[in-house]
Amino acid sequence: MLPTAAFDRYLHGESLIHRLDPRVKLVVTMLFIVSNLLLPDGAWLAFLAAGGFLLLGARLAHLPPGYLLRRSVLALPFALAAVTVLFSQTGQPLWAFRLGAWTLAVSDAGLLRFASILARSLLSVQMAILLTVTTSFPDLMHGLRHLRVPGVLVAIIGFMYRYLFVLADEASRLLRARAARSAAPAAGQAGGSVIWRARVAGSMVGQLFLRSYERNERVYNAMLARGYRGQLLTMNPHVMTARDWLAGLAAVLLLAAIQLAGRLAA
Amino acid sequence: MPVQHLQPAPATTAEPEPTLAVRDLHFTYPDGTAALRGVSLSVAAGEKVALVGPNGAGKSTLMLHLNGLLGEPQDGSAPITVAGLPVTRPNLPLIRARVGMVFQNPDDQLFSPTVFDDVAFGPLHMGLPEAEVRERVARDLALVGMSEVAGRMSHHLSLGQKKRVSIATVLSMDPEILVLDEPSAGLDPRARRSLIALLAELPQTMLVASHDLQLVRQLLPRTIVMDEGRVVADGPTSTLLADTDLLEAHGLAG
């Protein structure tokens with residue numbers, strides 16, 4: 001069984017952030033990310049303010065300090081995709097090295113841009129993490145649906161979440177079955193050639209696909225049996241309260257101030 | 001050839017209109033497997049019927065047919081009627097609300113993000129107003145004793161809890177007939193006993209496929225034995241399950 005508890009350890013908090021309407025949280029998260037993208041390079045004061053906004057959110061959600069930062073490290077390798085801007089911007093060369101026939105020079109403009117991209121992505125990822133640790137998955141989906149995200153897309157996300165664990169359990173059962181029969185002779189090495197092993201692994205992946213495919217048919221039958229006719233219907237358990245509107249408004253104002261600060265400083 | 005066992009034909013006079021009638025149903029899967037070779041049966045309102053037989057006898061195929069899940073016969077005939085309605089494409093929305101189908105694996109039955117959403121799925125798709133949907137979800141979760149898990153993900157439930165929630169997901173459609181596939185499979189003795197107690201309280205007409213002959217004895221006064229795509233015996237449970245030759249011939253004797 002997958003340790004699902006690791007996924008929603010902080011989900012059942014009762015903080016202000018936890019109780020906010022998921023729509024507000026989704027919209028604020030999106031605005032926060034867009035705001036980060038719009039900030040000019042090198043607007044450090046504004047990036048700092050955005051970090052403060054994030055910390056405020058984490059504080060209000062009663063998350064342990066440093067929690068968001070630790071989780072966001074996972075996304076760091078993706079930010080490294082931007083490493084080429086270090087070399088591609090024209091500006092004052094700071095440091096150069098030779099790579100075979102090429103000379104690569106790190107320019108000051110490149111460094112500025114790279115650091116800004118890193119700041120943007122770290123801030124944005126942490127905000128997304130804050131959203132998902134304080135909002136249960138069903139709430140998040142209801143929020144998406146209310147925000148007019150196409151129903152099919154939301155349904156696909158929902159099925160993914162529902163069957164991710166079922167599928168992971170199935171995979172771990174397959175692995176266990178293989179392990180249970182992977183005995184080694186008392187002397188010598190276990191298993192056949194690499195090619196043979198690869199073939200076993202390949203057929204396990206195939207097995208998993210077939211099982212998922214068959215499950216797909218059974219689930220579809222179960223949906224039809226309960227009246228599904230091509231249109232997925234759900235209920236709306238959320239009502240915007242004055243507190244939700246206020247919190248949303250405050251967040252939007254703060255983000256506007258951050259934008260303003262970034263523009264004025266630049 | 002399956003062995004034919006003579007059973008007294010049910011009296012045709014004074015018989016109430018059957019809730020479920022199947023007349024000479026044949027079905028062959030696209031891969032050529034002949035799953036049903038002429039099944040006929042009739043179930044009166046309020047009857048509790050067991051469907052027993054070895055693996056591959058055609059029980060599950062028959063059950064899928066009761067909800068029109070395997071398509072209609074090509075020749076335009078309608079060999080199945082549910083509550084007076086022939087199972088044809090235009091009737092399917094009505095039929096599916098009247099026949100509550102509970103699949104064997106609750107992970108197939110429970111596909112929604114939360115337990116609440118799953119129980120609400122049927123009534124919502126029947127087009128009921130939200131207030132009534134909420135009412136039915138509350139009523140049926142209470143009936144199966146699962147009110148306190150309404151907001152949870154079904155992944156976090158035990159198998160016994162999942163089975164109970166699965167039953168609530170069809171009760172919320174107010175079906176006339178409950179069709180259950182292996183309701184007790186995989187349950188530990190205590191969960192199994194409490195599930196049997198729950199089923200005993202439900203007033204609906206029931207058709208239950210099961211290998212659990214003890215459950216059949218306790219819960220279902222009438223038994224239909226299937227083998228190789230045919231009904232080979234149909235009669236009172238107490239008589240049929242005492243017939244060791246019959247059980248032996250159809251792989252039911254343990």
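**Figure 1. Salt bridges between chain B and chain A of the predicted model.** Between chain B and chain A, 4 salt bridges are counted; a salt bridge is a side-chain nitrogen of Lys or Arg within 4 Å of a carboxyl oxygen of Asp or Glu. In one salt bridge, the side chain of D107(B) meets that of R162(A) at 2.9 Å, N to O. Over all chains, the structure holds 18 salt bridges. This is a predicted model, in which local features need pLDDT of at least 70, side-chain atom pairs count only at pLDDT 80 or more, and totals for chains, interfaces and linings use all residues. Residues are numbered from 1 along each chain as its sequence is written, chains are lettered from A and ligands numbered from 1 in the order in which they are written, and side-chain values use heavy atoms, with hydrogens and water left out.

**Figure 2. The interface of chain B with chain A.** Chain B contributes 35 residues to the contact and chain A 31 residues (contact means heavy atoms within 4.5 Å). The two chains bury about 2900 Å² between them, with 61% of it on carbon and sulfur atoms; buried area is the accessible area (1.4 Å probe) that two parts lose on being put together, summed over both. Of the area that chain B buries against chain A, 25% comes from F111(B), H125(B) and H155(B), more than from any other three residues.

**Figure 3. Packing of helix α3 on helix α7 in chain A.** The axes of α3(A) (residues 44-60) and α7(A) (residues 108-134) come within 10 Å and cross at roughly 15°. Axes are lines fitted to C-alpha atoms, for helices over the stretch in contact, and angles run from 0 to 180 degrees between N-to-C directions. Helices (H or I, at least four residues) are DSSP runs, numbered from the N terminus. The two helices are therefore roughly parallel to each other (angles under 35 degrees count as roughly parallel, over 145 as roughly antiparallel). Residues making the contact include W44(A), F47(A) and L54(A) of α3(A) and L112(A), L123(A) and L130(A) of α7(A). By class, the contact has 12 nonpolar, 4 polar and 1 charged residues; Ala, Val, Leu, Ile, Met, Phe, Trp, Tyr, Cys and Pro count as nonpolar, Asp, Glu, Lys and Arg as charged, and the others, Gly among them, as polar.

**Figure 4. Helices α2 and α3 of chain A.** The axes of α2(A) (residues 22-38) and α3(A) come within 11 Å and cross at roughly 165°. That angle makes α2(A) roughly antiparallel to α3(A). V28(A), F32(A) and N36(A) of α2(A) meet F47(A), A50(A), F53(A) and L54(A) of α3(A). This contact has 6 nonpolar, 1 polar and no charged residues.

**Figure 5. A salt bridge within chain A.** The side chains of R113(A) and D41(A) form a salt bridge at 2.8 Å, N to O. R113(A) lies in helix α7 and D41(A) in the loop between α2 and α3 of chain A, so the pair ties together parts that are 72 residues apart in sequence.

Conventions:
Angles under 35 degrees count as roughly parallel, over 145 as roughly antiparallel, 65 to 115 as roughly perpendicular and the rest as oblique.
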